[in-house]
Amino acid sequence: MTGPEHVPVPLGTDAELNRAHLQKLLDSAPGGTLLLPAGTYPLAHGLTVPAGWTVRGAPPGPIPTGTIPAGPVTWLTVETPGDRPVLHVVGSGVSILDLGLRPAPSRPGEHDGDRGTGLTVGRYLYPDAPEWIDGIEVRRVHVDHGTNRAANAVAVMGAVRDTTVADVTVTGGHTGVAVHWGAIGAGVDTIVGPSYHPHRLRLSGLRVRDAVEGFYLSAVHDVEVAGACLRGVDMGFRLLAGDNTDRFHRDPQARICERIEIRDACVTWTGPLYGVRVAGWGRSEVDGLVSRVEYVDTTIRDTVLRRLPDKPAATTGTARRGWSPVLMEHADTVVLDDVRLTSTPPAPPCCPLSTP
């Protein structure tokens, strides 16, 4: 990587000065490395990370053999309510390493999954044709939403490819890792296309606790999820064709919902719905059209599902829907290999979490 290296970046207790200083550095050169010191540092609002940058926290130090890593020793926090990600990656060749991210309290809308996150790569809606973002690396990152369960933790959306997300820990929030297609349009009901679908993504070592959902993949292809421990979630994970499936997709070289593998997942969920949902259909927000996509070379294997008793209902007298460990909707081509339902509690150290 070319560009300056800043060692260390001086940070303090002034949220606006911290944000302004870091953003100025990120905008000052076409790539480089920001090495952030150990500690917890407030930001007035989130940072935009252009192409070519590495943003890295202080190393956690040597880890004795057989012990669980304590997690990041560098934290960036935003306290003022808003919907900007703490870090928004908008260019290629970016690495986010060894960081804790604590987003501001926010309640983004149903279709604003790229907002209010700890980390967003790409975006959902584009005003015009974007360039693809590629070569992204996210490792040893902890996103802590606390008690807020309205916003996602990590979002990978739209024109994003060749991405590695490894050893990510999530506490609280809505979805731990949301991977979603994007498109040109002013809103979800005015999409004109084309659409852009994340691919060549590898997600490994994901740990999620006390969120609504562990992860979802919506209208993607060429994705591998290897190792996910999801505990205290309302539902484990979803594999979706997307509400518009591939109707706006114009790249004949890419096929949506092909070559997807999810393996070695451990789901301990509590809620009235399902542990895993796989849907091969979608209803468009543009015109209500229902369309289907057939999954090809898609497998969920070596996955253990454990359902805990329902959490107390927010109000009394609320009707409970029937629940299912695995809900399959027009997805008969998806291979399920050694997907087990058990009531046996997970053995430690299942889902070790770093300390915020």
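**Notebook: a first look at the fold**

I began with burial: buried residues make up 53% of the 356 residues in the protein. I noted at once that this is a predicted model.

**Entry: overall make-up.** I looked up the secondary structure next. The protein has one helix and 27 strands. For the surface, I wrote down an accessible area of about 15,300 Å². Carbon and sulfur atoms hold 53% of that area.

**Entry: the open sheet.** In what order do the nine strands of the open sheet run? I read the order as β4-β7-β9-β12-β14-β18-β20-β22-β26, with parallel pairing. I looked at the edges next. There stand β4 (47-49) and β26 (324-329), and each has a single partner strand, so one side of each lacks a neighbour in the sheet. From one strand to the next, the twist averages 10 degrees.

Entry: I picked β18 and β20. Strand β18 covers residues 213-218, and strand β20 covers residues 235-240. The two pair in the parallel sense over five bridges.

**Entry: L76.** I moved to a single residue. L76 lies in strand β6, which spans residues 74-78. Is L76 buried or exposed? Its relative accessible area is 0%, so L76 counts as buried, the cut-off being under 20%. What does L76 touch, leaving aside its neighbours within four places in sequence? I listed L36, Y41, L43, V86, L87, G100, L101 and R102. I followed up on V86. L76 and V86 are ten residues apart in sequence. In space, their C-alpha atoms are 7.6 Å apart.

**Entry: cysteines.** How many disulfides does the structure hold? I found zero. A disulfide, in general, is a covalent bond between the sulfur atoms of two cysteines. I then checked burial for two cysteines. C229 has a relative accessibility of 9%, so C229 counts as buried. C257 is buried too, because its relative accessible area is 1%, again under the 20% cut-off.

Definitions and conventions
Residues numbered from 1 in each chain as written. Predicted model: local features only at pLDDT ≥ 70, side-chain atom pairs only at ≥ 80, totals over all residues. Heavy atoms only, no water. Disulfide = S-S within 2.5 Å. Buried < 20%, exposed > 50% of the residue type's maximum accessible area, 1.4 Å probe, protein only. Pairing = 2+ DSSP bridges. Helix = DSSP H or I, 4+ residues; strand = E, 2+ residues; numbered from the N terminus. Axes fitted to C-alpha atoms, helices over the stretch in contact; angles between N-to-C directions. Contact = heavy atoms within 4.5 Å. Areas by Shrake-Rupley, 256 points an atom, 1.4 Å probe, with all protein chains shown as cover.
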